[in-house]
Amino acid sequence: PFDVDGFDPEGLVKLADGSFWLAEEYAPSLVRVAADGRVQERLVPAGLEADLAGADYEVTGSLPAILRNRSVNRGFESVALSPDERFLYALVQSPLSNPDKDTFKRSRQARLFKIDLAAREVVGEFVYEMDTPDSFPEDAPARQKDVKLSEMMALGTGDLVVLERVDRATRLQRVSLAGATNLLGSAWDDEATSPSLEQLDAEELSASGVTPVTKALWLDSAAHGG
């Protein structure tokens with residue numbers, strides 16, 4: 001039977017006090033764990049907290065509700081902590097199934113979130129535009145849904161490294177949030193918006209006034225044989 005205390009942990013960061021934040025894939029959610037391994041609290045998409053009533057820790061619906069449209073097994077895969085420990089960054093592994101699974105299979109628009117840890121509040125939501133499958137010849141014929149975002153670290157506030165991959169190739173992308181459009185609380189967080197953010201291609205995204213985060217290729221495993 002469904003277990004309100006169950007979750008699927010993926011990414012992990014450690015704080016100076018010995019505690020941890022986990023990126024959790026299933027809800028998706030962000031989970032704070034004490035240094036002794038005990039779960040202390042869980043931040044989930046708004047509206048989901050009622051489904052987790054009775055958990056052995058505090059559950060807060062402080063993440064955008066649109067995250068409930070995460071594709072199965074493609075929720076939060078990675079999490080990063082700013083060096084000053086003020087901000088947590090969370091990135092979905094794949095675009096949302098918004099409005100449906102067919103959209104997820106074709107979309108390149110993944111969502112990246114910035115959380116103020118002191119307030120436990122999301123303060124930023126940005127578009128990370130994923131590479132196209134044909135740019136990974138090692139995995140040909142790859143499909144768009146085969147491209148995944150599987151790890152992340154912070155070099156500074158708004159300065160990140162993201163691991164973008166298929167099965168046989170891995171890329172490290174240097175990512176900057178500077179100049180990117182903050183979508184938080186906009187129509188793109190509303191399920192009724194049509195077309196959805198995930199249905200837009202690069203040109204339509206630009207025409208809609210949305211600027212994704214900046215990506216610069218840092219390392220490509222294809223350039224290093226073996």
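Two aromatic rings of Phe, Tyr or Trp form a pair if their centres lie within 6.5 Å, and planes over 60 degrees apart count as edge-to-face. By this definition, the structure, which is a predicted model, holds one aromatic pair.

**First stop: the aromatic pair**

Select F76 and F113. These two residues form the pair, with 6.1 Å from centre to centre and 75 degrees between the planes, an edge-to-face arrangement. F76 belongs to strand β6 (residues 76-81) and F113 to strand β8 (residues 109-116), so the contact ties together parts that are 37 residues apart in sequence. F76 counts as buried because its relative accessible area is 1%, and F113 is likewise buried, at 1% relative accessibility.

Select K114 and F87: the charged end of K114 sits over the ring of F87, 4.2 Å from its centre. Then move to R70 and Y26, where the charged end of R70 sits over the ring of Y26 at 5.0 Å from the ring centre.

The structure holds 14 salt bridges. Begin with R42 and E24, whose side chains meet in a salt bridge of 3.2 Å, N to O. R42 lies in strand β4 (residues 39-45) and E24 in strand β2, so that this pair links distant parts of the chain, 18 residues apart. Are these two residues buried or exposed? R42 counts as buried because its relative accessibility is 2%, and E24 is buried with a relative accessible area of 0%.

R171 is in strand β12 (residues 170-176) and D131 is in the loop between β9 and β10, so the pair ties together parts that are 40 residues apart in sequence. R171 is buried, with a relative accessible area of 8%, and D131 also counts as buried, at 15%.

Turn next to E164 and K215, whose side chains meet in a salt bridge of 3.1 Å, N to O. This pair links distant parts of the chain, with E164 in strand β11 and K215 in strand β13, 51 residues apart. E164 is buried, with a relative accessible area of 0%, whereas K215 counts as partly exposed because its relative accessibility is 24%.

**Last stop: a nonpolar surface patch**

Finally, show the surface and select M153, L155, W218 and L219. Together they make a nonpolar surface patch of about 380 Å². Which strands each supply at least two residues of this patch? They are β10 (148-156) and β13 (214-220). End at L155, which is placed in strand β10 and counts as partly exposed, at 33% relative accessibility.

Notes. Residues numbered from 1 in each chain as written. Predicted model: local features only at pLDDT ≥ 70, side-chain atom pairs only at ≥ 80, totals over all residues. Heavy atoms only, no water. Patch = residues over 30% accessible without salt bridge, like charges linked within 9 Å, V, L, I, M, F, W, Y side chains within 5 Å. Areas by Shrake-Rupley, 256 points an atom, 1.4 Å probe, with all protein chains shown as cover. Salt bridge = Lys/Arg side-chain N within 4 Å of Asp/Glu carboxyl O. Helix = DSSP H or I, 4+ residues; strand = E, 2+ residues; numbered from the N terminus. Buried < 20%, exposed > 50% of the residue type's maximum accessible area, 1.4 Å probe, protein only. Phe/Tyr/Trp six-rings, centres within 6.5 Å; stacked < 30°, edge-to-face > 60°. Lys NZ or Arg CZ within 6 Å of the ring centre and 35° of its normal.
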